[in-house]
Amino acid sequence: MIDVVFSAQLALAAIAAGAIYALVATGLNLVYGTLRLLNIAHGDFVMIGAYLAFWVFTLFDFGPALSLPLSVITGILLGLATYKGLVSVLMQGTAREERLESNSLLAFFGISIVLQNGAALLFTNNIRAYRYFDQVIALGPMSMTGNRLLTLVISTFLALATAAYLRFTLFGLATRAVIQNRDASWIVGIDLPRIYLVSLCFGFSLACASGVLVSMMEPISPIMGFGYSISAFVVIMLGGLGNLFGGITAAFVLGIIETYGLAFVGSNYRSLLVYGIFVLVMILRPEGLFGKSQATR
Amino acid sequence: MNRREFVAGLTVSTALVSTSRGQSNVVRVGYSIGQTGPLASSTPVGSQAYTLWGEQVNARGGLEIAGEGRKRIEFVVYDDQSQGNKAAQAYERLINTDRVDLLLAPYASPMHLGVLPVIERFKRPLIANTIGTTAARDAHSKYMFFTQALPDMWGAEVANLIKSLGSKRVAVSMAQSPFCIEFRKAAVPALQKAGPEVVFNQEYAADIKDMTPLLSGIKASNPDFLLAITFLNDSVPMLTQARELGLKVDYFFELLGPAQPSFVSRFGENANGILAVGFWSRHSKTTGSAEFFDGYLKRWNMPPDDKDSSIAYITCQILEQAVKKAGVDPEKLRAELSSATFDTMMGNVKYNEQNVNMGAPPGFIQLQNGINEVVWPPEQASAKIIKKPAWA
């Protein structure tokens with residue numbers, strides 16, 4: 001038991017798992033926090049990033065050095081298109097704005113179907129994969145493939161960079177103000193439409209960037225995104241909806257629970273463990289581990 | 001128009017329709033496939049094989065039908081959304097509304113099981129391919145014919161493979177998936193009977209991403225044969241993390257996954273030596289092998305899945321031979337399938353009284369130099385089994 005707790009390999013695996021959860025969930029949390037949009041197509045933006053990375057590698061023999069910046073640009077363009085074509089329409093008028101969350105669920109469900117089927121038509125449903133930076137790198141008592149280490153480093157960096165942007169930049173502070181209280185932010189003169197647009201583009205860019213990273217490790221297909229959407233929602237609800245710092249923390253907590261938990265109870269209890277803990281937290285603390293409870297009037 | 005004229009006109013019309021159906025130069029072949037749903041990324045390997053076969057047959061002048069000459073194949077295809085009940089609806093429509101002449105199988109066990117009551121009710125023979133459960137055989141199906149080995153047969157045969165290799169310590173891991181469960185249910189008792197010691201035996205959720213705890217346990221048990229009963233997506237982290245942990249075994253088996261072209265794309269030379277279930281290799285000298293491989297590569301710009309594409313094509317070969325002898329009449333076709341021996345890419349196919357193919361023992365393949373070779377049964381092998389090379 002002691003050797004399990006102090007296993008460096010296990011610790012590294014837990015952090016690696018948490019890092020990718022953190023990156024995927026941060027994008028989703030940013031979109032929900034500012035716009036209150038339930039983007040269940042979030043995993044499909046991960047899928048778009050994955051295909052981008054695959055084709056950049058296959059056609060031009062370039063790895064993430066090229067596909068990561070391209071994925072950010074793609075995310076920005078998709079965010080722009082989604083904001084202009086859908087979100088601004090969903091937010092027209094008070095009545096529509098009040099129903100935004102429920103309307104967004106259906107709207108993004110439609111977007112998810114379109115993205116998956118679009119990818120299937122363009123690239124077929126055949127599973128794709130490529131081999132990049134998969135040498136095993138030894139770090140003392142630990143070892144991991146290069147692409148998993150790269151994913152860990154870049155995911156952690158991007159998640160923390162997002163947190164730093166929100167804490168230390170003026171625009172980030174304005175974004176946090178909108179997350180905290182939208183009406184008050186509008187009253188004090190914060191440009192809400194600009195915050196919404198930037199947050200949407202930022203969130204989608206993080207999703208596409210996640211896709212580039214996971215494409216190095218996992219099979220790529222039009223339906224690969226569903227699992228990431230589920231994981232992202234579990235993480236942001238565990239951390240507290242709209243609480244980006246809470247979400248990042250919850251992601252690493254989940255990675256630790258999943259990895260160490262399986263070491264103690266056995267890999268066959270993975271689903272029971274992860275979703276069991278999730279349900280328990282929702283029962284005991286519905287606002288999430290780091291969310292603030294709201295008084296009911 | 002009076003009554004006599006009406007009846008005369010109706011009779012003539014019916015005769016014309018009957019004559020035109022009989023004189024039609026098209027034979028309609030129907031199937032459903034999961035173009036959407038959770039299996040959407042797995043099904044193209046099957047439908048692409050069907051499409052290839054249809055195009056090749058039409059290029060040769062059409063499907064030869066006993067008593068009717070050659071007719072051009074026309075497919076009627078529905079999306080079953082990877083759901084058994086939708087597959088059942090699709091096949092009812094194919095049989096009763098579209099009135100197709102012949103049926104091809106859907107993809108995967110749930111869809112085969114969904115279709116089973118439909119084909120039994122309407123008495124239409126169906127040559128099954130990607131079915132990984134014994135449930136249909138145990139239901140004493142008269143009209144479904146099981147071409148690839150069922151999991152209990154494969155599970156029992158793997159013990160023979162392991163024994164022949166002289167392995168003494170076997171670690172078993174299993175994804176929680178129906179095919180895998182049935183495979184292990186047969187494999188472990190067969191292993192225990194055959195002699196090797198099962199030193200590790202654990203299962204895991206099929207969607208697991210990190211296998212460090214599982215593989216650490218396997219490594220600690222010091223096996224010489226790893227029987228990883230994987231189900232597609234988990235085959236990737238299994239191999240990745242086995243490498244990270246420096247797991248060394250003489251033989252490394254992954255049930256499903258290594259037959260997919262993307263597996264070699266992902267792992268390169270580190271995939272060499274991985275064993276899997278299968279019965280065909282591009283190096284096989286069996287009937288139609290070269291035509292299938294070259295045709296698939298040219299048509300789809302990618303190599304076929306060595307298991308699922310090949311079995312789909314094999315069932316088309318069987319159908320083609322059966323129809324040549326028996327025509328499209330369902331009962332005559334069923335009788336032909338029940339009694340004849342078919343010469344296919346997997347060798348001889350002959351169905352027993354339970355409609356299970358007993359033409360050859362269940363087979364295994366192994367990746368060697370990036371290509372899956374048939375290594376079992378020895379009499380059908382395209383290469384000898386090798387030990388797992390050291391990680392690159």
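Chain B of this predicted model holds an open sheet of 4 strands in the order E2-E3-E1-E4, with mixed pairing. Strands here are DSSP runs of type E with at least two residues, helices are runs of H or I with at least four residues, and both are numbered from the N terminus. Two strands pair if DSSP finds at least two bridges between them. The edges of this sheet are strand E2 (63-65) and strand E4 (102-103) of chain B, each of which pairs on one side only.

Within the sheet, strand E1 (residues 26-33) and strand E3 (residues 69-79) of chain B run parallel and are joined by 8 bridges. Ser32(B) stands opposite Tyr78(B) in E3(B). Two helices pack on this sheet. Helix H3 (residues 84-96) of chain B touches E1, E3 and E4 of chain B, and its direction makes about 170° with that of E1(B). Helix H12 (residues 308-326) of chain B touches E2 and E4 of chain B, at about 35° to the direction of E2(B). Axes are lines fitted to C-alpha atoms, for helices over the stretch in contact, and angles run from 0 to 180 degrees between N-to-C directions.

A word on conventions. Residues are numbered from 1 along each chain as its sequence is written, while chains are lettered from A and ligands numbered from 1 in the order in which they are written. As the model is predicted, local features need pLDDT of at least 70 and side-chain atom pairs count only at pLDDT 80 or more, whereas totals for chains, interfaces and linings use all residues.

I turn to the other sheet of chain B. In this open sheet, 7 strands follow the order E8-E7-E9-E10-E11-E14-E15, again with mixed pairing. Strand E8 (197-204) and strand E15 (371-376) of chain B have a single partner strand each, so one side of each is left without a neighbour in the sheet. From one strand to the next, the twist averages 25°. Strand E14 (residues 364-368) of chain B pairs with E15(B) in the antiparallel sense over 5 bridges, and Phe364(B) stands opposite Trp376(B) in E15(B). Pro377(B) itself lies in the segment after E15 of chain B. Most residues other than glycine have a negative phi, and most peptide bonds are trans.

Helix H8 (residues 212-220) of chain B lies across strand E7 (169-175), E8 and strand E9 (225-229) of chain B, at about 175° to E8(B). Elsewhere in chain B, helix H6 (residues 151-165) and helix H7 (residues 178-194) pack at an angle of about 35°, with axes 7 Å apart. Their crossing is right-handed; a crossing is left-handed if the near helix is turned anticlockwise from the far one by less than a right angle, and right-handed if clockwise.

How is chain B divided into domains? The assignment gives domain 1 (24-148 + 284-350) and domain 2 (152-277 + 363-380); such bounds come from an automatic or database domain assignment. The C-alpha centres of domain 1 and domain 2 of chain B lie 29 Å apart. In contact across them are 13 residues of domain 1 of chain B and 13 residues of domain 2 of chain B, contact meaning that C-beta atoms, placed from the backbone, lie within 7 Å.

Next, the two chains together. Which parts of chain A give two or more residues to the side that touches chain B? In total, 33 residues of chain A are in contact with 30 residues of chain B. The elements in question are helix H2 (8-35), strand E2 (142-145), helix H12 (244-265) and helix H13 (270-284) of chain A.

H2(A) also meets helix H7 (residues 146-168) of chain A: their axes come within 8 Å and cross at roughly 45°. The two helices are therefore oblique to each other, since angles under 35 degrees count as roughly parallel, over 145 as roughly antiparallel, 65 to 115 as roughly perpendicular and the rest as oblique. The crossing of H2(A) and H7(A) is left-handed.

Finally, Phe133(A) has a positive phi of about 50° although it is not a glycine. Phe133(A) lies in the loop between helix H6 (100-123) and strand E1 (136-139) of chain A.
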